[in-house]
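Colleague: Please show me how to read a few features of this fold, one at a time.

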Amino acid sequence: MKKQYKNQPGQAKKTEPIPSVNLQEKKPSFGTTFLKKYWPFLLIAASFLMLTTPNLGKFYTTDESVWLFGRVPTYWDALEDGKLENTYICNKPGVTTAIFTGPVYAWQSPNKSLILGTQSTYLFLWRFSQILFVLLVLWLCFYRLQQDYGSWLASVFVGLTAFYPVILGMARVVNPD
C-alpha cells in the first residue's frame, strides 16, 4: 500500500492522537533547585554564622574606637558634605571597612547618641554588617568556583577559607587588617 502524504479530494483528514500529558509531573520549584545546587554553601554559611555571631556585641577591642567613632563617621560625613579630599581616612585600605560597616552609622543621631538603644546592639550591628560582607565574598567565590570546577572543589575551597582562624577572628572586628 502506498503512503499518501497529502489528503486527496474526498478523503477524510487523518488526525494523530494527542499525546497524553502526565499531570503528576511537576517542575522543581526555584527553592528546591536552589537548595539542591547550593546546599554545601548554605551549610558552610550557617556554620560560619554560628561561629562568628556569639557575643558579637559584648566585647570591645583597642583599635575599634578609632574606627567606630572616628574614621568611619569622618568618611561618611565627608561624603555627605561633598568634601572628597576628607575621605582619605587611613593609610590602609580602610574604605571598604567604612563602606560595609557605615550603614549602621546612619542609625546614630547627629549628636552622636545611639538611636538603636544599647551600645551592645550597636556594636553587634556594626560587626554583623562586616560578617555579611565576608559571607558575600565567600558566596561569590563559591559561585564562580562551582561553575568552573564543580560543587565539591568549591565547597572544599570555601570551607577552608571560611574556617581559617584568621578569617573567623578578623571578621568579628571592625578594622581593615
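Colleague: Which element gives the largest share of the nonpolar patch?

Modeller: The largest share comes from helix 5, residues 151-162, with 4 residues. Helices here are DSSP runs of H or I with at least four residues, strands are runs of E with at least two, and both are numbered from the N terminus. This is a predicted model, in which local features need pLDDT of at least 70 and side-chain atom pairs count only at pLDDT 80 or more, while totals for chains, interfaces and linings use all residues. Residues are numbered from 1 along each chain as its sequence is written, and side-chain values use heavy atoms, with hydrogens and water left out.

Colleague: Which residues make the nonpolar surface patch?

Modeller: Tyr149, Trp152, Leu153, Val156 and Leu160 make the patch, and its area is about 590 Å². Patch members have over 30% relative accessible area and no salt bridge; nonpolar side chains (Val, Leu, Ile, Met, Phe, Trp, Tyr) are joined within 5 Å, like charges within 9 Å. Areas come from the Shrake-Rupley method with a 1.4 Å probe, and for residues only the protein chains shown count as cover.

Colleague: Where is Tyr149 placed, and is Tyr149 buried or exposed?

Modeller: Tyr149 is in helix 4, which covers residues 119-149. Tyr149 counts as exposed because its relative accessibility is 55%. The cut-offs are under 20% for buried, over 50% for exposed, and partly exposed in between (1.4 Å probe, protein chains only).

Colleague: At what angle do the axes of helix 4 and helix 5 cross?

Modeller: Two packed helices are described by the angle between their axes and the distance between the axes. Here the axes of helix 4 and helix 5 come within 7 Å and cross at roughly 155°. Therefore helix 4 is roughly antiparallel to helix 5. Axes are lines fitted to C-alpha atoms, for helices over the stretch in contact, with angles from 0 to 180 degrees between N-to-C directions. Under 35 degrees is roughly parallel, over 145 roughly antiparallel, 65 to 115 roughly perpendicular, and the rest oblique.

Colleague: How many salt bridges does a search of the whole structure find?

Modeller: The search finds 1. A salt bridge is a side-chain nitrogen of Lys or Arg within 4 Å of a carboxyl oxygen of Asp or Glu. The side chains of Arg144 and Asp148 meet at 3.5 Å, N to O. Both residues lie in helix 4, 4 residues apart, about one turn of the helix. Asp148 is partly exposed because its relative accessible area is 43%.

Colleague: What is the phi of Asn55?

Modeller: Most residues other than glycine have a negative phi. Asn55 has a positive phi, near 60°. Asn55 sits in the loop between helix 1 (30-52) and helix 2 (64-81), and at 48% relative accessible area Asn55 is partly exposed.

Colleague: Is Leu135 buried or exposed?

Modeller: Leu135 lies in helix 4 and is buried, with a relative accessible area of 10%. Leu135 and Ala45 are 90 residues apart in sequence and 6.9 Å apart in space, C-alpha to C-alpha. Phe133 is also in helix 4, but Phe133 is partly exposed at 27%. The C-alpha atoms of Phe133 and Ala171 are 8.9 Å apart, with the residues 38 apart along the chain.

Colleague: How many helices and strands does the protein chain have?

Modeller: The protein chain has 6 helices and 0 strands. Buried residues make up 30% of its 177 residues.
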